[in-house]
Amino acid sequence: MSTRLKTLLLGFVALAFGFWSLPSDRAQAQRDAFSKWRPTHELADVNYVGSAACAQCHAPLTAKRLANPMSRALAPVDSCEILKTHPKLNFRNGPYNYQISREGNRSIYTTSNGQSSISEPILYCFGQGKAGQTYVFQHRGVFYESRVSYYQETEALDFTILHSHSVPESLEEGLGRPMTMEGAQGCFACHSTAAVKAGQLQVDHLMPGVACEGCHGPGEKHVAAIKAGNKNLQIFNPAKLDADELSQEFCGACHVGFEKALLMPKQGGMNNLRYQPYRIFNSRGHSGDARISCVACHDPHDKLAEGAAFYDSKCLACHLATRNEVKTELRSAPACPVSKQQCTTCHMPKIELPGGHAKFTDHWIRIVKPGEPIPN
Ligand code: HEC
Ligand code: HEC
Ligand code: HEC
Ligand code: HEC
Ligand code: HEC
Ligand code: HEC
Ligand code: HEC
């Protein structure tokens, strides 16, 4: 029986017997609120407590998790490592010059066209910088995304991905991309935790990076429940999601799931190469099974495993290793006629994004034929 039907029937029985069970209704509603929570969303009336509080009881997990770059997806300018170690960065675009210079624990972003210039203090560094790092500042009260970004590969500034490379018509246009409040909220929701409250961006509340509560939801009631010995743990546990919900709705809230990708402007071509949930969903045979959900290959509490060998066992959970092997109910996907190992090197190639100065792993698992365009 579906849960909805059950609730309906229970409600009916409760009414028929004439008792009114408001407290348990409320408890049920609260349980539902926790189970329906998704990253980047809000959970009304529950406060965040910060990862340090989680560490009190989940210490090993918290320590490990700090190695994951998601926890460093955003840094306030005073603690931004790249800008600390690169106190002067320059970039030229025709008559335009860009400079980021360190002054104490601040960094100043300056655009000049030879005659005049605009300077603004950088507020936040977005991205730990594995591929690159983009800067967010305010100009006349509006949040901007910098037109130039830092790239690890070249250790220098270059155009931010998807920004125009033409010579701007005005200094203001040269600064970068002004963001609507909604747009800015989106950036902070994916790269930090607790930045949005009551539908409003509140940067003074944010915790840098994807903290525990960025994935599990605000923890105030959980901590209280544990301390009170309450059986209802009052925290979102993604382990309860099915494989597609986990990949598409949970990780996909930030990494961009199938439905979200279809609604995005400019999602075609190479732009969706970085939308792993979208791409894996398109790949034949690779959805609807826990052995192919994001957490089958990636531990969200640990750093990314590098090297193709690590992933072989993940593929062989479904695929036979050789053509002579006998199919079982669980392992029934065909064997590769070419190789028994290093599967991802051929079937999940690393592709350089134009202007991105970095390679991304194509999660559209497939037979890659030389000369064929990358599907999208
Ligand atoms: C006072 C100790 C304590 C604190 C603080 C605490 N937890 Fe827990 N947490 C527990 C215990 C105990 C369990 C139950 C463990 C079990 O059943 O294995 C648990 C379970 C969980 C679960 C699994 C829930 C489920 O449905 O199985 C998650 C997720 C979780 N905690 C996340 C967090 C996060 C995030 C924080 C910080 C906001 C946090 N915890 C803070 C003690 C704590
Ligand atoms: C709240 C948003 C958010 C959610 C939810 C989220 N991620 Fe991320 N993830 C990010 C951001 C932002 C980065 C980029 C961090 C950086 O490099 O600055 C990232 C990076 C990663 C990386 C790359 C790490 C590296 O070393 O390059 C992996 C792998 C990853 N996430 C897996 C997952 C998985 C699996 C899930 C679901 C269980 C998930 N993420 C959920 C925001 C999120
Ligand atoms: C829908 C969620 C989402 C939004 C909105 C978003 N990002 Fe990201 N961002 C991610 C994820 C997820 C990654 C990691 C992707 C990957 O490596 O495949 C990422 C990666 C990055 C990186 C590269 C990080 C690195 O270590 O190489 C930069 C820079 C970045 N984002 C900047 C921004 C800026 C600036 C904004 C807003 C102006 C923004 N992002 C908005 C989710 C988001
Ligand atoms: C990127 C998203 C993400 C972040 C950030 C994250 N978790 Fe988790 N967490 C998950 C997922 C997904 C699962 C379910 C894992 C699974 O099914 O293998 C999980 C499971 C758990 C569990 C239950 C473990 C179990 O074995 O049942 C606990 C406890 C937990 N997380 C605590 C934390 C704490 C504490 C932090 C911060 C240090 C944290 N998580 C940060 C995604 C995340
Ligand atoms: C079958 C295994 C597998 C599954 C399932 C999988 N990935 Fe990956 N992922 C990989 C491999 C392999 C790499 C590259 C690791 C390396 O750097 O060597 C990778 C890398 C990444 C990266 C780092 C950026 C990049 O492009 O290299 C992110 C982010 C990521 N995966 C997110 C996800 C998300 C989100 C999901 C769920 C939709 C997912 N992955 C599912 C195998 C997998
Ligand atoms: C959940 C089980 C599962 C996992 C895990 C899995 N596969 Fe598959 N794979 C399938 C199924 C099912 C098919 C479709 C077979 C068919 O009907 O032709 C398939 C098809 C393929 C194909 C053929 C695609 C095509 O278009 O013809 C390739 C290549 C492939 N998988 C490689 C991999 C690699 C590499 C990995 C690990 C990174 C992997 N698979 C992980 C189940 C899985
Ligand atoms: C050196 C590159 C390479 C490696 C490594 C590799 N494959 Fe393949 N694989 C191919 C090529 C090329 C084909 C297409 C062969 C053809 O069509 O004749 C293929 C075909 C396949 C197919 C389709 C088989 C069918 O009958 O439809 C599957 C599934 C597959 N590989 C899975 C894997 C798995 C799993 C691994 C790791 C155990 C792996 N591959 C390692 C290159 C590779």
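These exercises walk through a predicted model of one protein chain and some of its ligands.

**Exercise 1. The chain as a whole**

Describe the fold in numbers: how many helices and strands are there, and what share of residues is buried?

Solution. 
- Step 1. Count the elements. The protein chain has 15 helices and 16 strands.
- Step 2. Look at the extent. The C-alpha trace spans about 80 × 60 × 40 Å along its principal axes.
- Step 3. Check burial. Of the 376 residues, 38% are buried.
- Step 4. Turn to contacts between residues at least 6 apart in sequence. Among these, 50% join residues at least 24 apart.

**Exercise 2. The disulfide**

Find which cysteines form a disulfide, and work out its handedness.

Solution. 
- Step 1. The structure holds one disulfide. Its partners are Cys-80 and Cys-125, with sulfur atoms 2.4 Å apart. The cut-off for a disulfide is 2.5 Å, so this pair qualifies.
- Step 2. Read the torsion about the S-S bond. It is about -110 degrees, so the disulfide is left-handed.
- Step 3. Cys-80 sits in the loop between strand 1 (74–76) and helix 5 (81–85). Cys-125 belongs to strand 5 (residues 117–126). The pair therefore ties together parts that are 45 residues apart in sequence.
- Step 4. Check burial. Cys-80 and Cys-125 are both buried.

**Exercise 3. Two cysteines, two classes**

Classify Cys-54 and Cys-294: is each buried, partly exposed or exposed?

Solution. 
- Step 1. Recall the limits. Buried means under 20% relative accessible area, and exposed means over 50%.
- Step 2. Cys-54 has a relative accessible area of 18%. That value is under 20%, so Cys-54 is buried.
- Step 3. Cys-294 has a relative accessible area of 21%.

**Exercise 4. The iron of ligand 3**

Identify what the protein donates to the iron atom of ligand 3.

Solution. 
- Step 1. Find the donor. The protein gives the iron a single one, NE2 of His-191, 2.1 Å away.
- Step 2. Locate the residue. His-191 lies in helix 7, which covers residues 181–191.

**Exercise 5. The shell around ligand 4**

Describe which residues come nearest to ligand 4, and what classes make up its shell.

Solution. 
- Step 1. There are 17 residues around ligand 4. The nearest are Arg-65, Cys-212, Cys-215, His-216 and His-301.
- Step 2. Look for polar contacts. His-216 has a polar side-chain atom 2.8 Å from a nitrogen atom of ligand 4. A side-chain N or O atom of His-301 is also 2.8 Å from a nitrogen atom of ligand 4.
- Step 3. Assign elements. Helix 4 (59–65) and helix 8 (212–216) each supply at least two shell residues.
- Step 4. Sort by class. The shell has twelve nonpolar, four polar and one charged residues.

**Exercise 6. The shell around ligand 6**

Repeat the analysis for ligand 6: which residues are closest, and which helix gives the largest share?

Solution. 
- Step 1. The shell has 19 residues. Arg-284, His-286, Cys-315, Cys-318 and His-319 are the closest.
- Step 2. Find the polar contacts. Arg-284 places a polar side-chain atom 2.8 Å from an oxygen atom of ligand 6. His-286 has a side-chain N or O atom 2.8 Å from a nitrogen atom of ligand 6. For His-319, the distance to a nitrogen atom of ligand 6 is 2.8 Å.
- Step 3. Assign elements. Helix 14 (309–315) and helix 15 (343–347) give two or more residues each. Helix 15 gives the largest share, three residues.
- Step 4. Sort by class. The shell divides into nine nonpolar, five polar and five charged residues.

Note on methods:
Residues numbered from 1 in each chain as written. Chains lettered and ligands numbered in written order. Predicted model: local features only at pLDDT ≥ 70, side-chain atom pairs only at ≥ 80, totals over all residues. Heavy atoms only, no water. Near = heavy atom within 4 Å. Polar contact = N/O pair within 3.5 Å; in protein donor to acceptor, adjacent residues only side chain to side chain. Helix = DSSP H or I, 4+ residues; strand = E, 2+ residues; numbered from the N terminus. Nonpolar A, V, L, I, M, F, W, Y, C, P; charged D, E, K, R; others polar. Donors = N, O, S within 2.8 Å, 3.2 Å for Na, K, Ca; no water. Buried < 20%, exposed > 50% of the residue type's maximum accessible area, 1.4 Å probe, protein only. Contact = heavy atoms within 4.5 Å.
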